Each structure stands twice: as C-alpha cells, then as structure tokens.
Amino acid sequence: TFARVYAPDPYSIQLSWDTMPLHQQNGIIQRYVVSGLASEWSEEFEIPSYTNSVTVTDLRVFTAYTFQVAAETVGVGPFSNETEVTTPQDVPSGFPLDFEATPITSTTLVLKWRPPDLNHRNGFIQYYTVNITEKDTTQAWSFFTSTTNLSITSLHPFYEYICVVAAGTSTGTGPFSPPLSIEMPEDVSRRYRSYGAVWHRSNAYVESHTP
C-alpha cells in the first residue's frame, strides 16, 4: 500500500510506497505499475515507475481518484488495496452562464445568472462577485452574494450601466463574464408633464406644470 499520498497542487498527486519484503518478491522487481481511476468521469489509466514513487499529473481539479500499485517481475503481481484521494479545489476556470439584467423600475435593476459549467467550477461555488459601472461617470460598485440573483437599487434613470459577474470558490475568484450593457428606463414622472386649465374672466388658457 502507499506510504505517502500528497497533492502539491490541484492538478497532480505524488505517491510513494515501501519496497516489498524479499520473501514476497518472487524474483527481481523490474518496475512498478500504478493504476488510477476517476470513477466520476470513467477515466482509468496506468503509469509505470522504476522507483518507489511517482507523480501523477494532468489530473482533474477537485476530483476523487482511486490508486493501487503492483510490482512487476516476469509479470505484474497483485495490486495493493485501494487508496482514495481528492485533488484540491482551485479558482473557477469559467464564468457564470446566462447572465441577464432586467430593469424593474427606473432606478432598480435585477441581475440573474447560472453557475459556471460543471467542468469549470473547480470546487464548491461559495460566492459571486458582481461589478457594475456607470458608463458616463465611470463610478463603480462591487457586490457579493451567495445566490444567483441580485437586486441593485438607487441607480439613475436613463443612465447606461455595464455589469459583469464572476464565481468564487474557497481559493479565489474566477474570470468575469463578458460585459453586459443595460440602459435604465427614463423616469415617467419626469418625462410626462400634466396639464390643467385655468380660467381667467372670459378667456381660457392652458398652463403646464410638473407634478
């Protein structure tokens, strides 16, 4: 069985094992064979090693792998008991999907999205970062949420805003989505003016005023 199992980064695992006792070798050991399996992805592989250790690279992030090792003389002997190890989490390698923005009033904007593709989450998504920039003034705000929607208030009517969103795991924040441009609707109370009739003696005239 393995004496040491270590994951130096999210993409590789180092394995080492003790030499078999002489009475179990049944000959001169030519090499060792390490067998690996990622059952979640139905991926299986074998790696030869001429020492008592091997570094397995190009693995999937945040994925459970099962390893076994066997010694080879004139043939491959029995494999050891299984050892399971999970590669560490990493920052997401993809941005949230189906990002959309909907103004529900002239000053309130609702943002919605879906998590990144499963292959690009690289761990448990713990939070989302939303950045919004007022185009004309370049004033910017950042928001953090654990859900896949956000309501932003106190915006300016008839202003254009640029929005982006990114997902984050325990190790950090991934890439931001492509920018989404949205123009807030004009304030109805400012756009339309009411009119009232004012009578003066026998002549009538119309006076306009803003409510």
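Visitor: Does R31 count as buried, partly exposed or exposed, and at what relative accessibility?

Guide: Buried means under 20% relative accessible area, exposed over 50%, and partly exposed in between (1.4 Å probe, protein chains only). R31 counts as partly exposed because its relative accessibility is 27%. This is a predicted model, in which local features need pLDDT of at least 70, side-chain atom pairs count only at pLDDT 80 or more, and totals for chains, interfaces and linings use all residues. Residues are numbered from 1 along each chain as its sequence is written, and side-chain values use heavy atoms, with hydrogens and water left out.

Visitor: Which residue forms a salt bridge with R31?

Guide: A salt bridge is a side-chain nitrogen of Lys or Arg within 4 Å of a carboxyl oxygen of Asp or Glu. R31 forms one with E72, the closest N and O atoms being 2.7 Å apart. E72 counts as buried, at 16% relative accessibility.

Visitor: Where does the charged end of R60 sit?

Guide: A charge sits over a ring if NZ of Lys or CZ of Arg is within 6 Å of the ring centre and within 35 degrees of the ring normal. The charged end of R60 sits over the ring of W41, 4.0 Å from its centre. The side chain of R60 also meets that of E43 in a salt bridge (2.8 Å, N to O).

Visitor: How is a pair of aromatic rings described?

Guide: The description uses the distance of the centres and the angle of the planes. Rings of Phe, Tyr and Trp (its six-membered ring) pair if their centres lie within 6.5 Å; planes under 30 degrees apart count as stacked, over 60 as edge-to-face and the rest as tilted. F99 and W113 are edge-to-face because their planes lie at 70°, with the ring centres 6.2 Å apart. Both residues, F99 and W113, are buried.
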